Amino acid sequence: MNNKMKTAFSALAENEAFARSAAAAFVMPLDPTVEELTEIKTAVSEAVSNSVIHGYAGWEDRSQAMVELECEIGEKGRVTIVVTDHGRGIANVEEAMQPLFSTVESEERSGMGFTVMESFMDKLQVKSEEGKGTAVTMTKYLDLVSGL
């Protein structure tokens, strides 16, 4: 049986910590290693940051700007995390996923968000439509010691 969780929060930078903590707390019953937990938390941070910084860039009324976080624990230690926004969307996902690419040149951004997500997760899928938003799906297979 799969276990699922879904929450939504305002697209504010201070909610990145909430998203990290929520995802980490959700996977704790699987008894992840410190390294696995750190990788999940970092990947979630990157995805949420992208939504806040890029997805809703230029939005004057942030009261309607929401980020959704969905987590699912599947069979054999599979953890699937989806971070969704309903913001600007990405014109060219392939280009956006290239290391060092950033749409925000005026700020000090590394353009490594998707690269970090890819390196810490086993699978990364990005679906986006301009004007409608972006969904980042990340999958990680935990090394189960307890045999869950």
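These are my notebook entries on a predicted model of one protein chain.

**Ground rules.** I number residues from 1 along each chain as its sequence is written. For this predicted model, local features need pLDDT of at least 70 and side-chain atom pairs pLDDT 80 or more, while totals for chains, interfaces and linings use all residues; side-chain values use heavy atoms, without hydrogens and water.

**Fold.** I looked up the secondary structure first. The chain has four helices and five strands (DSSP runs: H or I of at least four residues for helices, E of at least two for strands, numbered from the N terminus). I read the order along the sequence as β-α-α-β-β-α-α-β-β.

**Burial and surface.** I then asked what share of the 148 residues is buried. The share is 45% (buried is under 20% relative accessible area, exposed over 50%, partly exposed in between; 1.4 Å probe, protein chains only). The accessible surface comes to about 8,300 Å² (Shrake-Rupley method, 1.4 Å probe; for residues, only the protein chains shown count as cover). Carbon and sulfur atoms hold 49% of that surface.

**Salt bridges.** My search of the whole structure gave two (a side-chain nitrogen of Lys or Arg within 4 Å of a carboxyl oxygen of Asp or Glu). In one, E39 meets K140, with the closest N and O atoms 2.7 Å apart. E39 sits in helix α2 (residues 34–55) and K140 in strand β5 (residues 133–141), so this bridge ties together parts 101 residues apart in sequence. Both E39 and K140 are buried.

E129 and K132 form a salt bridge too, with the closest N and O atoms 3.8 Å apart. Are these two residues buried or exposed? E129 is partly exposed at 44% relative accessible area. K132 is exposed at 56%.

**Aromatic pairs.** I searched the whole structure again and found two (rings of Phe, Tyr and Trp, the last by its six-membered ring, with centres within 6.5 Å; planes under 30 degrees apart are stacked, over 60 edge-to-face, the rest tilted). F9 and F18 pair edge-to-face, at 5.6 Å centre to centre and 75° between the planes. F9 is buried at 6% relative accessibility. F18 is partly exposed at 39%.

Y56 and W59 have ring centres 4.7 Å apart and planes at 80°, so I logged this pair as edge-to-face. Y56 is buried, with 1% relative accessible area. W59 is partly exposed at 32%.
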